[in-house]
Amino acid sequence: GNLTAVVLSLPLIAIGIVAARIFGSLSVVPLATAILVGILPNPGMAGLHVLTREVAYQRFPELADQWRGLRQYWRVMLGAWLISALVTIVIVINLLFYAGQAGGSSSAIGAIAGPLSLVWALALFLWLSLHLYVAPLLIAQEKLSIWLAYRNAAVLVLGRPLTTWTV
């Protein structure tokens, strides 16, 4: 099961390698891979989420359950992944921009760049925290709705922040 999920995630890992070429630093590869494959709702992991749910309900999953879950949920997971990747990129670009501006005093926005970089860092932390719940909620919900999964994930994160952040 895990090997299948990793093989299906190779295109996402390739995106991390392309990002490393763009930024000129190989240190971006592990970070991008961790975010794109491990944190965001990876479509290649849909089958593993179904297997995990089966184990949580004390059922005995079979390999066929992974393929069934992959076929059933890959489209909705891909949609959620595309949205989450786009929002993550926007947040990271803003964070990098304001953090870069905070270091230079010659910038017109230098005085507010420090606090704004902190706001974007907290936004990134909150955004990535939501993704602990998005993929499991997409599979658990009767209605396959990306927006409903994000809303429910936000309710869980904001309703129980200490529980979420200790995970």
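The following conversation goes through a predicted model of one protein chain.

Biologist: What makes up the secondary structure of the chain, in helices and strands?

Modeller: The chain has 8 helices and 0 strands, and reading along the sequence gives the pattern α-α-α-α-α-α-α-α. The C-alpha atoms fill a box of roughly 60 × 40 × 25 Å along the principal axes.

Biologist: Why is serine 129 called buried?

Modeller: The relative accessibility of serine 129 is 7%, and the word buried is used for values under 20%, so serine 129 counts as buried. Serine 129 lies in helix H6, which covers residues 110–140.

Biologist: Which residues does serine 129 touch, leaving aside those up to four places away in sequence?

Modeller: Serine 129 touches Val157, Thr164 and Trp165, where a contact requires heavy atoms within 4.5 Å. As for methionine 45, which is 84 residues apart from serine 129 along the chain, the two C-alpha atoms are separated by 18 Å.

Biologist: How do you know how helices H2 and H3 are arranged, and what are the angle and the distance between their axes?

Modeller: Two packed helices are described by the angle between their axes and the distance between those axes. For helix H2 (residues 10–23) and helix H3 (residues 28–39) the angle is about 145° and the axes are 8 Å apart. The contact is made on the H2 side by Leu12, Ile13, Ile15, Gly16, Ile17, Ala19, Ala20 and Phe23, and on the H3 side by Val28, Val29, Ala32, Thr33, Leu36 and Val37. The crossing in which H2 passes H3 is right-handed.

Biologist: Which residues of helix H4 are buried?

Modeller: In helix H4, residues 46–56, the buried residues are Ala46, Gly47, Leu48, Val50, Leu51 and Glu54, and each is therefore under the 20% limit on relative accessible area. Just after H4, glutamine 58 takes a positive phi of about 60°.

Biologist: How many positive and negative side chains does the chain have?

Modeller: There are 9 positive and 4 negative side chains, and the centres of the two sets lie 12 Å apart.

Biologist: What share of the contacts with a separation of 6 or more comes from residues 24 or more positions apart?

Modeller: Residues 24 or more positions apart account for 60% of those contacts in the chain.

How values were computed. Residues are numbered from 1 along each chain as its sequence is written. This is a predicted model: local features need pLDDT of at least 70, side-chain atom pairs count only at pLDDT 80 or more; totals for chains, interfaces and linings use all residues. Side-chain values use heavy atoms; hydrogens and water are left out. Helices (H or I, at least four residues) and strands (E, at least two) are DSSP runs, numbered from the N terminus. Lys and Arg count as positive and Asp and Glu as negative; His and the chain ends are not counted. The place of a charge is taken as NZ of Lys, CZ of Arg, CG of Asp or CD of Glu. Axes are lines fitted to C-alpha atoms, for helices over the stretch in contact, and angles run from 0 to 180 degrees between N-to-C directions. A crossing is left-handed if the near helix is turned anticlockwise from the far one by less than a right angle, and right-handed if clockwise. Buried means under 20% relative accessible area, exposed over 50%, partly exposed in between (1.4 Å probe, protein chains only).
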